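Please look over the model shown below before reading on.

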Amino acid sequence: MAITSAAPDRPADAKTTPWTSIRLRELTLPNRVWLSPMCQYSADEYGAPTEWHLAHYGARAAGGVGMVMVECTAVAPDMRTTARDLGLWSEHQVGAHRRLAGLISSVGSVPAVQLGIAGRKSSHGVPWDNTGTRHPVAPAAGGWQPLAPSPLPFSGLATPRSMTADDIDRVLGDLERAARNAHRAGYQALGLQASNGYLFHQFLSPLANQRTDAWGGDLEGRLRFPLAVVSALRAGWPAEKPLLIRAPVSDLLDGGVTADDAEILVARMAQLGVDLLDINSGALVPEAPRPTEPLENARFAHRFRRLGVPTATSGSVTEAHQLHRAIPESVDALFIGRAMLRDPYWALRARGGRPTEVWPKQYHRAF
Ligand SMILES: Cc1cc2nc3c(=O)[nH]c(=O)nc-3n(C[C@H](O)[C@H](O)[C@H](O)COP(=O)(O)O)c2cc1C
């Protein structure tokens, strides 16, 4: 497994385990096993969390994770992937998110939310309808015009309109407002989906950014938007709360983002106030190879730890022993995705120990 090849660049603290607390800024997370953000495509017609979100996240918050990262939440209507995405641009949405964040806290986890800017990966169907995520939804059918650095479509989706300087300013303002709204809703940590071929990644990668103005060209030009995004988030998000970025550390393709580029990006993001790098790769274009080995992306972690940046990653963790192999040797924390769709109590089971010391007291009679 790739995780064994990641050489630690700082001595691992022998006492640290996946169940040890970790402090990011003024926030202490009770453990290092976190719910990975996963879109539920179940927002109400105004982009607010529904009863589904309360049930889904509530069960997982009670299931022993140290943090619940609520799914990718749009900063503006035209930055959604689908019409069923969550948003954080209206008061109605803030009110419903407040209820969700409060629920997560009240059953023992830390509420966090991931913001998203879909760019060209925008205006498609939900996975289970007849259109699906690779089929565009036209404006006449309730969709919208996608925006991107360059007019290069993703797979079968609509050709995006190239963003003007005003569009860029507007989206940066949307990000700042969404960060402020996330704080007002009671979230304790803020994430950003900066990977998976979303707008941040589109500006960063020469495979999607063919601009010739200040927002494209060489690495310095392609870093301008990503770094402006971080500054906008920090402007709206309190200094005492941590900012976690899920960023691509390689496009895994010739001509794309390299790990050397990513090292420069991450060092500059850390200076601007990013507190943890959630390592991701690929997914900019459909041809990119998909990491399939458990925790394959952890092989990049030592580069960023060397810079002093705490790291997390996700990918095909299904067994408790994988947590112990990765934390603390390769990464500082792990996001668990699909295993926790299958089982909201995955973390409690992975933790082991005496159920009466680990499980919620309401369930003790089950053991
Ligand atoms: C249904 C589903 C929805 C997802 N939605 C998001 C999302 O909103 N934001 C994100 O960064 N990743 C998203 N992902 C990726 C997961 O967070 C995770 O990184 C990935 O599934 C790999 O981890 P796993 O093998 O533990 O599932 C999604 C994955 C799934 C299966």
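## The ligand site

In this predicted model, an oxygen atom of the ligand lies 2.7 Å from a backbone N or O atom of proline 37, and a nitrogen atom of the ligand lies 2.9 Å from a backbone N or O atom of cysteine 39. The side chain of serine 314 also takes part, with an N or O atom 2.7 Å from an oxygen atom of the ligand. Taken alone the ligand exposes 600 Å², of which the protein buries 78%; accessible areas come from the Shrake-Rupley method with a 1.4 Å probe, and for residues only the protein chains shown count as cover.

Around the ligand there are 14 residues, and those that come nearest are Ser36, Pro37, Ser314, Ser316 and Arg338; a residue is counted here if one of its heavy atoms lies within 4 Å of the molecule.

Residues are numbered from 1 along each chain as its sequence is written, and side-chain values use heavy atoms, with hydrogens and water left out. Because this is a predicted model, local features need pLDDT of at least 70 and side-chain atom pairs count only at pLDDT 80 or more, whereas totals for chains, interfaces and linings use all residues.

## Nonpolar cores

The largest nonpolar core has 83 residues, and Leu175, Phe225, Met269 and Trp346 touch the most other members. Helix α5 gives the most to this core, with nine residues. A nonpolar core is a set of buried Ala, Val, Leu, Ile, Met, Phe, Trp, Tyr and Cys residues joined through side-chain atoms within 4.5 Å, where buried means under 20% relative accessible area, exposed over 50%, and partly exposed in between (1.4 Å probe, protein chains only).

Not counting residues up to four places away in sequence, leucine 175 touches Val75, Leu115, Ile117, Leu192, Val229, Ala232 and Leu233, a contact being heavy atoms within 4.5 Å. A second, separate core of 15 residues includes Ile22, Trp34, Val110 and Ala333.

## Helix α6

Helix α6 (residues 259–271) has 13 residues and spans 18 Å from its first C-alpha to its last, close to the 18 Å expected at 1.5 Å a residue; the expected span is 1.5 Å times one less than the number of residues. Helices (H or I, at least four residues) and strands (E, at least two) are DSSP runs, numbered from the N terminus.

The buried residues of α6 are Ala259, Asp261, Ala262, Glu263, Leu265, Val266 and Met269, and their cover includes α4 (199–204), α5 (219–236), β10 (243–248), β11 (276–280) and α7 (301–305). Glycine 273, with a positive phi near 110°, follows α6.

Glutamine 114 lies in strand β6 and, at 4% relative accessibility, counts as buried. Its side chain reaches the backbone nitrogen of cysteine 72 at 3.4 Å, and, leaving aside neighbours within four places in sequence, the contacts of glutamine 114 include Pro37, Cys72, Leu192 and Arg246.

Aspartate 343 is placed in the loop between α9 (338–342) and α10 (346–351), and is buried, with a relative accessible area of 14%. A polar atom of the side chain of aspartate 343 lies 2.8 Å from the backbone nitrogen of tyrosine 345, while a polar contact of 2.6 Å joins the side chains of aspartate 343 and arginine 349. A polar contact is a pair of N or O atoms within 3.5 Å; within protein, one must be able to donate a hydrogen and the other to accept it, and residues adjacent in sequence count only if both atoms are side-chain atoms.
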